[in-house]
Every structure is written in C-alpha cells, then in structure tokens.
Amino acid sequence: MLLYDTRYRSATIQVIALIGFMLLAAWIITNTIQNLEALGKPVEFGFFGEPASYDINQRLLEYDSRDSHLRAAFIGLLNTLVVAVLGCITATIIGVFVGVLRLSNNWLVARIMTVYVEMFRNVPVLLWIVLAMAILIESLPAPRAFRGDNPTATMDFFNSVAVTNRGVYVPEFLFSRSLGDIHFFGTSSLRFDVSLDLIAVLVVLGGSIFAMRKVSAWATAAQESTGDRPTIWHINLAILFVPMIVLLGALGFHLGYPELKGFNFTGGTHMRNSLIALWLALSLYTAAFIAEIVRAGIMAISKGQTEAASALGLRPGRTMRLVILPQALRVIIPPMISNYLNLTKNSSLAIAVGYMDITGTLGGITMNQTGRELECVLLLMLVYLAISLSISAVMNWYNNRVKLVER
Amino acid sequence: MKKSVILGVATIAGLAAGAAAAGTVDDVKARGKLNCGVATGVPGFASPDANGEWQGFDVAVCRAVAAAVLDDPSAVEFIPTTGKTRFTALASGEIDMLARNTTWTFSRDVDLKFEFVGINYYDGQGFMVPKALGVSSAKELDGATVCIQTGTTTELNLADFFRINNMSYEPVPIETNAEAQQQYLAGACDVYTTDASGLAATRATFENAGDHVILPEIISKEPLGPLVRHGDHEWGDVVRWTLNALIAAEEMGVTSANIDEMSAGTDNPEVNRLLGSEGTLGEMLGLDATWAQRAIKAGGNYGEVFAKNIGEETPIGLARGLNAQWTDGGLLYSPPFR
C-alpha cells in the first residue's frame with residue numbers, strides 16, 4: 001500500500017493534496033464562468049479593441065480619445081513605470097543618506113533622521129500621498145496669479161520655470177534640425193516612437209565615456225611604468241563636452257520655455273502635481289524603510305573593519321564609502337528588492353490624486369465604462385505580477401554579482 | 001482604488017454564491033430594511049444632514065420605496081457609492097437599488113445588465129467657472145484645465161465635446177465631489193464639469209456662490225433615474241411604479257396635505273385606483289392596497305420632493321424646467337394607473 005510504505009508515503013500524501021487543491025481551483029473557476037454566463041456576461045476580451053472614448057492627461061506617447069482601450073491601458077502602464085522608476089531611484093538615494101546619517105555621531109542629525117524614519121514608516125502611505133497633493137494644491141499659486149501687470153506670482157530661474165498648483169513647468173529640449181523619429185509597430189495599439197535625436201545624444205555620450213575610460217587606463221599604465229601620473233582631467237573634460245556641443249549645435253538644440261497662454265502655461269515640459277505628489281510621497285515613505293535596511297546593513301559589518309580602516313589612515317567618509325558600504329550592500333540588497341516591489345505596488349494608489357496609472361485606466365475608467373470587472377482585474381493582476389517579477393529578476397541578477405563568492 | 005478591486009473580487013464571489021437567490025422583494029421584506037445605494041454626498045440630492053439623517057431628492061426615492069414595501073420610510077440602509085463603485089455594488093447584490101444621479105445609457109442598460117426603472121431628473125452636463133475668468137461660453141474653454149469625476153458619463157461627453165469643437169483641454173480626474181470642490185476652489189482647475197444639477201448643488205455650498213457662473217451650454221442629455229438589476233422584474237416593477245406614483249400624484253393633485261382626505265375616496269377613479277380605494281393594483285404588484293399612499297406620504301409627491309430638496313426656495317435653487325409635468329410643458333409623464 002502506498003500509504004503504509006514509508007518509501008512512498010510522503011509522495012502519496014503530496015499527490016493527494018495536489019489533486020484536492022486542483023479540484024478546488026477548478027470548481028471555483030468553472031463556477032465563476034458559469035455564473036457569469038448565466039448573468040449574460042461571458043468572459044471575453046473583445047472590448048479591448050473598442051475606442052476608449054476618454055482622455056488621459058499625462059501621456060508619454062500620443063493618444064486620443066478615439067484610441068482603443070488597449071492603448072489606454074498601455075499609456076497607463078507607462079505612467080505606472082515612470083512613477084515606479086522615479087520613486088525607486090529617489091527612495092534609494094534618500095534612504096541611503098538617511099540610513100547613514102542615522103548612525104552619525106552628531107546627536108542632532110541622528111535624532112532628526114530617527115524622527116523622519118518613525119514619522120514616515122508609521123503612517124499609511126495613502127495619507128502621505130493625499131497630504132502631499134493637498135499641500136501642492138493649496139500652497140502654490142494658480143496660473144492666473146502669474147497674469148496681469150502686477151502678478152502675485154512670478155516664474156523662477158530667469159523666467160524659465162513656472163511653479164503652479166497644477167504642476168511645475170520646466171524648459172523642454174527642442175531640436176530645430178531634428179533627425180525625426182523611428183516608428184515601431186505601425187498603427188497597432190502598442191505603437192511607439194523613438195526619437196533619433198535622443199539616440200544620437202546617447203550614442204555620443206556613450207562614446208565619450210568609453211574614450212574617457214581609455215584615457216584613464218592609459219594614464220594608469222603610464223603611472224605604473226614611469227611613476228608619474230600624467231594630468232588628464234582637461235583631456236577628459238574635452239572628450240566629454242566637445243563632441244556633445246558639436247552634436248547639439250548640429251541638431252539645432254534650443255530650450256522651449258513655458259509661457260502663460262490662455263488658461264495655462266504652454267510649451268516646456270509639464271510635470272503634473274499628481275505625479276509630483278505621488279512620486280514625493282512614495283519616495284519619502286519607502287526611503288524610511290530603506291534607511292532602516294541600510295542602517296541594519298552597516299551595523300552588520302563588524303567594528304573591526306572600521307578600526308582597521310582607521311589604522312590604515314582612512315578618513316571616516318572614505319571608510320564608509322570604500323570599506324563599509326561595499327560590504328554592507330550584500331546584506332542590504334535582498335530586503336531592498338521587496339521595498340522596490342512595495343513601492344511599485346503602492347503606486348496603484350495613484351488615483352487618490354488623479355494620476356492616471358494602469359489602475360486608473362485599465363482598472364478604473366475602462367473597467368467602469370465597459371463593466372468587465374473580472375477581465376480587467378485579472379489583467380491588472382497579471383500586469384503587476386509581470387512588473388514585480390521583472391524587478392525581482394533584475395535585482396537578483398545584481399545581487400548575484402555583488403554577493404561574496406565563497407568557496 | 002483598492003476598494004473597487006476588492007469590490008470587483010467580491011462581485012465574483014457574490015455571483016458565484018448568489019446565482020439562484022430569491023426575489024428581491026422577498027429579500028427586502030425578510031431583512032426588514034432596504035439597501036439603497038446613494039451618492040457619497042451631493043447636497044440636495046443625497047447627503048446626511050446635521051443629525052446624520054440622509055436627505056435629498058434621490059434619497060426621497062429610496063424612502064418612498066421603503067415606505068411602499070416595508071411601511072416605514074426610515075427602514076433604509078443608505079450605502080454611499082462613488083461613480084466607480086456604484087455598478088459593482090448593485091451587480092453584486094450589496095444594494096437592492098441604486099438612486100444616485102445615474103445616467104440612463106444604452107450600454108449600462110443592455111451591456112451592464114441593469115434596468116433603469118424611469119427618470120426622476122432630466123439633466124444635462126454643464127460647466128462651472130469662476131466669474132473672474134471672464135468666460136461666457138463653453139466654446140471659449142480651449143486649453144483649460146477641467147476637473148471631472150472619474151467613472152461617469154461626463155468623462156466621455158467631455159472628450160467628445162472638446163473633440164467635436166476642435167479644442168484642447170487638460171482633464172484632472174477626481175474620485176468624489178468633495179475632492180473636486182477642493183481642487184476647483186484652489187484654482188487647480190479652471191472649470192468643473194458635471195451634470196448641471198450637481199453643479200448647482202455644489203455651487204450652493206460655496207462661501208461666495210456669486211463668484212462662480214454656470215455656463216449656458218448643456219452638452220449632453222443626462223436622464224437620471226433609479227436602477228435595479230436585470231432579471232428580477234417583480235422588484236423592478238415595484239421601484240418603477242413607486243416612482244410613477246410620485247409623479248402621477250403631482251399630476252392628479254394628490255399632496256401630502258390632502259392625501260388622507262383623498263384616500264377615503266374621490267370622484268376621480270384614477271386617484272382611487274392609485275390610492276387603493278378602488279381596484280387591486282397593489283395586489284398585482286405583490287404589495288397591499290395602500291402601497292402608493294405610503295410612498296406619497298413618505299415625502300410628498302414628486303413636486304413636493306423637488307421643492308423641498310432642490311427647488312427654487314432652497315439654496316440649490318433649480319427651476320423645474322424639463323422636470324415639470326407634461327401638462328406644464330415639461331417631460332414628466334407617468335403611464336396611466338389602470
């Protein structure tokens with residue numbers, strides 16, 4: 001008997017449990033599908049091809065209300081990714097700073113950082129998002145305050161940046177002799193354009209950095225053979241800036257300044273206050289957790305390391321940068337992954353401030369206007385799952401690179 | 001947003017569990033309470049007063065139905081819903097009926113599987129702007145920032161209006177009326193758009209209501225009415241004819257003041273049939289003979305409900321307009337009680 005034979009017992013029980021679980025799942029799924037069909041709402045995804053009929057304010061790609069629901073979901077997905085990437089970067093920077101400063105010997109600095117961490121991680125992030133938005137809306141001037149002979153508000157930075165309660169308008173980069181765009185995917189819902197100007201700038205920048213490293217390597221070789229390191233900083237500066245300036249000149253680079261026209265500022269790049277509020281709140285909130293992780297990572301490095309570094313004559317700043325942090329990273333990175341995932345998932349609170357992320361488009365307006373709750377929610381879950389798994393994959397790869405290789 | 005996801009999942013669970021539920025009339029009677037979905041707070045239409053009692057034009061419909069079915073206008077559990085959660089709440093059975101300034105459209109009726117039982121307010125989408133902007137027509141709004149409640153038909157009308165008129169705009173999607181007010185008053189948007197009745201109601205709550213104007217353009221038809229789920233026709237009939245009873249009562253001159261006198265019997269057979277002193281209309285509906293009496297007593301006839309909550313005497317100050325009886329040149333027209 002399979003159950004009484006100790007060689008097979010464990011496997012048998014597992015197989016039975018698996019079959020039971022699968023039966024339960026199958027029952028739930030068929031029940032749902034049957035009931036939806038009885039209600040006259042069979043599961044189908046045809047609505048994705050229908051025109052969405054609503055507008056989205058922040059769109060990285062061109063989109064109008066005649067585009068399909070799928071296109072609207074795609075635009076929303078990009079908005080989610082934008083705030084997630086921006087948030088992860090700023091949260092990491094703030095978090096590392098705060099985490100290091102919390103261990104500072106300066107009593108005041110250490111206490112201030114403690115207050116920051118405790119304040120942010122102990123209040124739900126939704127409240128921080130709403131608060132950030134309320135502050136932006138209530139404290140900044142409306143665009144109409146910039147109008148008239150005697151405006152109550154003026155633009156900053158030599159009339160180039162307008163800070164309003166609808167967002168911040170900054171100058172945009174324009175090219176009068178643009179190379180144009182490459183179009184991908186023709187006219188489908190996933191079509192997107194890539195600017196050739198941007199590619200040219202990145203290529204030149206990459207080339208310059210490559211050349212600079214070559215020069216540095218040459219200088220190191222010279223130092224090793226002769227003992228004297230040739231002065232190279234002016235060569236490096238020239239390599240970095242000259243090709244870039246030539247390229248920008250050739251493309252006819254100029255700045256487009258925001259200008260008050262009609263109801264709003266036009267021209268320039270508009271960073272909506274919904275994005276700023278969400279970005280700020282998510283970064284500050286997640287940074288509080290990252291700060292604790294960083295602090296834990298640093299404290300995991302034995303004190304002997306610091307003392308050894310001091311004995312070698314390294315100053316405290318360099319000790320931290322060259323000795324402690326590289327070792328602490330190995331402890332820091334795994335929990336950091338889950339904070340990046342949390343930040344990304346928390347970005348689904350965006351609708352609280354009217355930021356049109358994928359939850360706002362696919363899981364909000366599309367779901368509401370088409371009445372396809374099941375399809376939209378399932379798809380939304382799938383999208384977040386895919387994003388989270390991608391972040392995990394990248395971070396795990398990085399973790400494998402920096403982790404201590406043991407034999 | 002989290003809420004609607006949870007509700008979405010709850011719907012699925014609810015559907016799985018409640019596919020073979022009994023009739024809603026019996027459910028409501030057994031529960032002794034009507035679960036009525038209303039707005040989260042639109043003054044005049046549905047909002048709690050200082051004592052926490054829900055008051056308003058839409059609320060009155062819930063109370064009339066509760067009075068007709070349960071003989072108690074206060075036996076209502078009011079469930080606030082947002083533009084986004086309302087349909088899920090109704091489809092999942094969390095509420096028995098939805099009376100929340102909801103526009104009757106083809107796709108909501110046919111595709112979302114709801115049944116609009118009638119129209120209690122003929123509305124249209126309008127725009128409100130601060131006077132200081134100096135705008136006198138919606139056609140001058142090119143480039144404006146527009147605050148808009150998400151999950152409503154207004155969102156779609158707005159996109160169409162600006163598209164047809166070849167104008168650009170910046171939509172600011174917002175969850176509830178209260179948030180929209182905050183953004184609008186702070187100047188984060190130039191324009192607030194929703195149904196004209198909602199604009200009037202919102203403006204009435206402003207400190208300086210006179211500083212804001214509602215533009216003359218009405219860009220859409222918004223027939224607002226209570227709705228129920230598809231498939232339960234007995235319940236649909238109860239809600240439909242309760243609404244019609246309120247409208248017919250005004251037409252026939254039955255008011256909360258003279259209803260007791262008229263219930264005793266009048267020369268007008270239709271009034272008698274409505275109020276139950278003649279015929280068996282109540283039984284046909286699965287209720288008793290005096291169902292309509294109770295519904296009318298709950299808050300008065302349609303005209304009284306209108307005057308008390310949103311009429312010209314109230315801070316909201318809406319004229320009857322399209323919502324006058326057909327005999328007065330309006331669109332209100334109840335089918336005969338026969």
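With 17 C-beta neighbours inside 10 Å, Lys113 of chain B counts as partly exposed, since the buried class requires 20 or more such neighbours and the exposed class 12 or fewer. In this predicted model, the residue lies in the loop between helix 5 (106-110) and strand 6 (114-116) of chain B, and its phi is near 65°, a positive value in a residue other than glycine. Most residues other than glycine have a negative phi. A second case is found in chain A, where Ser53(A), although it is not a glycine, has a positive phi of about 70°. The place of Ser53(A) is in the loop between helix 1 (9-38) and helix 2 (69-102) of chain A, and, with 19 C-beta neighbours inside 10 Å, Ser53(A) counts as partly exposed.

The domain assignment of chain B gives domain 1, made up of residues 2-122 and 224-328, and domain 2, which covers residues 125-220. The C-alpha centres of domain 1 of chain B and domain 2 of chain B lie 29 Å apart, and 18 residues of domain 1 of chain B are in contact with 16 residues of domain 2 of chain B. On the side of domain 1 of chain B that touches domain 2 of chain B, the residues divide into 8 nonpolar, 9 polar and 1 charged.

Chain B also contains an open sheet of 5 strands, arranged in the order 10-9-11-8-12, in which the pairing is mixed. Strand 10 (169-174) and strand 12 (212-214) of chain B are the edge strands, each of them pairing on one side only, and the twist from one strand to the next averages 30°. Within this sheet, strand 8 (residues 125-130) and strand 11 (residues 191-195) of chain B pair in the antiparallel sense over 4 bridges, with Gln125(B) standing opposite Asp195(B) in strand 11 of chain B. Helix 7 (residues 177-185) of chain B packs on the sheet, where it touches strand 9 (144-149), strand 10 and strand 11 of chain B; the direction of helix 7 of chain B makes about 160° with that of strand 9 of chain B.

The contact between the two chains takes 36 residues from chain B and 37 residues from chain A. On the side of chain B that touches chain A, at least two residues each are supplied by helix 1 (2-18), helix 4 (86-91), strand 9, helix 6 (153-164) and strand 10 of chain B. Helix 1 of chain B gives the most to this side, with 7 residues. By class, the residues of the side of chain B that touches chain A divide into 18 nonpolar, 9 polar and 9 charged.

An open sheet of 3 strands is formed in chain A in the order 1-2-9, with antiparallel pairing. Strand 1 (162-164) and strand 9 (269-272) of chain A stand at the edges with a single partner strand each, so one side of each is left without a neighbour in the sheet. Neighbouring strands of this sheet are turned by 15° against each other on average, direction ignored. Strand 1 of chain A is joined by 3 bridges to strand 2 (residues 167-170) of chain A, the two running antiparallel, and Thr164(A) stands opposite Gly167(A) in strand 2 of chain A. Helix 7 (residues 273-299) of chain A lies across strand 2 and strand 9 of chain A, running at about 55° to strand 9 of chain A.

Elsewhere in chain A, the axes of helix 10 (residues 358-370) and helix 11 (residues 373-402) come within 9 Å and cross at roughly 170°. Because angles over 145 degrees count as roughly antiparallel, this crossing makes helix 10 of chain A roughly antiparallel to helix 11 of chain A. Helix 10 of chain A contributes Ile358(A), Thr359(A), Leu362(A), Gly363(A), Thr366(A) and Met367(A) to the contact, whereas helix 11 of chain A contributes Glu373(A), Cys376(A), Val377(A), Leu379(A), Leu380(A) and Val383(A). By class, this contact of helix 10 with helix 11 of chain A has 8 nonpolar, 3 polar and 1 charged residues.

How values were computed. Residues are numbered from 1 along each chain as its sequence is written. Chains are lettered from A and ligands numbered from 1 in the order in which they are written. This is a predicted model: local features need pLDDT of at least 70, side-chain atom pairs count only at pLDDT 80 or more; totals for chains, interfaces and linings use all residues. Two strands pair if DSSP finds at least two bridges between them. Axes are lines fitted to C-alpha atoms, for helices over the stretch in contact, and angles run from 0 to 180 degrees between N-to-C directions. Two residues are in contact if their C-beta atoms, placed from the backbone, lie within 7 Å. Ala, Val, Leu, Ile, Met, Phe, Trp, Tyr, Cys and Pro count as nonpolar, Asp, Glu, Lys and Arg as charged, and the others, Gly among them, as polar. Angles under 35 degrees count as roughly parallel, over 145 as roughly antiparallel, 65 to 115 as roughly perpendicular and the rest as oblique. Domain bounds come from an automatic or database domain assignment.
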